[in-house]
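Biologist: Please take a close look at one part for me, the pairing between charged side chains. I would like each pair placed in its setting, with the cut-offs behind the terms you use.

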Amino acid sequence: MHLTFMRFLNVFLLSSVLVLAAGCSTPEAISYNAPMPVATPVLYVSGAPMVDTKFAAEAAGIRILETTGGANWLTVPRPLFAEEMSFEEANQMIGLGDGDYSTWPRETRVWFVIVNGRYQGTPLDPTQSNPQPVTYEGCLFVVFSARSADTIAMGDSVCPVN
């Protein structure tokens, strides 16, 4: 009986070790036959679907300033203002006078976004052959179409007081 108990104990311990080892091993790759969903378009790409929330407008504005405006953020950019309005209202806020409404009619729905942050940009001086990045801190604005996220205007901005 003592020998039978020892054999049982050995089998039990060996089984326990194998179960433990199998539980700690990496799982095999699992393959699913179901098709993966198609990625949704990104908001800042020209021709993207309508930007319809303030959060989406802030994210699109930051991304436009990075890609089109060349802002290389050194700190996390902070949206200070985002409002949907007509292009005519945005043009008045920019302060560029009457404006050219041939490309963008006055009633075009746009997002006006102001972002604050510290960033590097390359100065646009045609006399420099190899311009070095310059560090800036402050606010930038961007105006883009609410329907397609196409950039209409961007530049430096006075930071709004909250």
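Modeller: E66 and R63 are three residues apart in helix α2 (residues 54-67), so about one helical turn separates them. Their side chains meet in a salt bridge, with 2.7 Å from N to O; the term stands for a side-chain nitrogen of Lys or Arg within 4 Å of a carboxyl oxygen of Asp or Glu. This is a predicted model, in which local features need pLDDT of at least 70, side-chain atom pairs count only at pLDDT 80 or more, and totals for chains, interfaces and linings use all residues. Residues are numbered from 1 along each chain as its sequence is written, and side-chain values use heavy atoms, leaving out hydrogens and water.

E66 counts as partly exposed at 25% relative accessibility, and R63 also counts as partly exposed, at 31%. Here buried means under 20% relative accessible area, exposed means over 50%, and partly exposed lies in between, with a 1.4 Å probe and protein chains only.

A search of the whole structure finds three salt bridges, and another of them joins the side chains of E84 and R109, at 3.7 Å from N to O. Because E84 lies in strand β2 (residues 78-86) and R109 in strand β3 (residues 109-121), this pair ties together parts that are 25 residues apart in sequence. E84 is partly exposed, with a relative accessible area of 33%, and R109 counts as partly exposed at 42%.

The side chains of E88 and R106 also meet in a salt bridge, at 3.1 Å from N to O. E88 belongs to helix α3 (residues 87-94) and R106 to the loop between α3 and β3, so the pair ties together parts that are 18 residues apart in sequence. E88 is partly exposed, its relative accessible area being 29%, while R106 counts as partly exposed at 40% relative accessibility.

Buried residues make up 27% of the 162 residues. Among contacts (heavy atoms within 4.5 Å) between residues at least 6 apart in sequence, 58% join residues at least 24 apart.

Conventions. Helix = DSSP H or I, 4+ residues; strand = E, 2+ residues; numbered from the N terminus.
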